[in-house]
Amino acid sequence: MTTSELTLPPTAEVKRERRRVMGAGKQLHAGPVTYVVLVLFALVSLAPLVWTAIAASRTDHRLAETPPPLWFGGNLFKNLQAAWDQAGLGTAMLNSLVVAGTITVSTVLFATLAGFAFAKLRFRFSGLLLLLTIGTMMIPPQLAVVPLYLWMSDFGWSNQLQTVILPSLVTAFGTFFMRQYLVQALPTELIEAARVDGASSLRVVWHVVFPAARPAMAVLGLLTFVFAWNDFLWPIIALNQQNPTVQVALNSLGTGYVPDQAVIMAGALLGTLPLLIAFLLFGKQIVGGIMQGAIKG
């Protein structure tokens, strides 16, 4: 009896598995309805930004007319220059970059370390500490404004950037976010293998934890930078117009008996541009990191 005579016909399960494997290499194509929905969502999302740019290119008198303008005017650079000079955005941009950059680096670093400890290390009262960390997210930040301001005044840090930076060096959300990601993305066997090879705790964190957590760190970094850049409540209390962040500086554009709406919109556009530039430069890497982490998971 030959080998071909001994070969059994494939079962239904084998056929389904073959079709699944062959279909895995094929690229899925979206239908026309998907493209229409995506275009609509993109238009709705971009509408506020486009309107801000249109209003920034017009005069205050034209914005008060009915119907409002629906296309760009010729005063964009004039209004941008006026907003830059009136609000002192040069110093404000630099201060916001220092504040947001420091908070982002610190939050990503400390949140990753704390998330790794809660996810993979075993120590006493870990569950209670994690519960307390999550519990701080339930407290409205407005309740901490008065004691925080008194604390910073005792340090003699009034109207200084460290007053804004210090309370935000690490967040409970960042710790919980990294903990939830590392529970699934970082195999315990990988850590144990590194320990067996003689790796110290620092080498485990640097060569095992950080590479595995890179996609989540990128997402957390982007979210933290956007939040720190747009923060208004605490900076307007802690800082003044002589040493402002962007949001504090833009607040001065709304003063006066008749605020110039076109100049205010120009200032808002200037305050948004760094975020747009950051996303254009690093958005592809961040999305790629998310997809890489999803595939590995």
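Helices here are DSSP runs of H or I with at least four residues, numbered from the N terminus. By that rule, Asn-251 belongs to helix H14, residues 246-251. Colleagues, the model before you is predicted: local features need pLDDT of at least 70, side-chain atom pairs count only at pLDDT 80 or more, and totals for chains, interfaces and linings use all residues. Residues are numbered from 1 along each chain as its sequence is written, and side-chain values use heavy atoms, with hydrogens and water left out.

Let me stay with Asn-251. Beyond its neighbours within four places in sequence, Asn-251 is in contact with Phe-232 and Ile-236, where contact means heavy atoms within 4.5 Å.

I turn now to the pockets. A pocket is an open set of points on a 1 Å grid over the protein atoms alone, where a 1.4 Å probe fits, with protein on both sides within 12 Å along at least five of seven lines; lining residues have an atom within 4 Å of a point. The largest pocket holds about 1,100 Å³ of space, the volume being that filled by probe spheres set on the points. Its lining comprises 31 residues, and Pro-141, Pro-167, Ser-168, Thr-171 and Phe-227 are the closest to the centre. Which helix gives the most to this lining? That is H12, with 6 residues.

The second largest pocket holds about 340 Å³. H6, H12 and helix H15 (261-296) each supply at least two residues of its lining.
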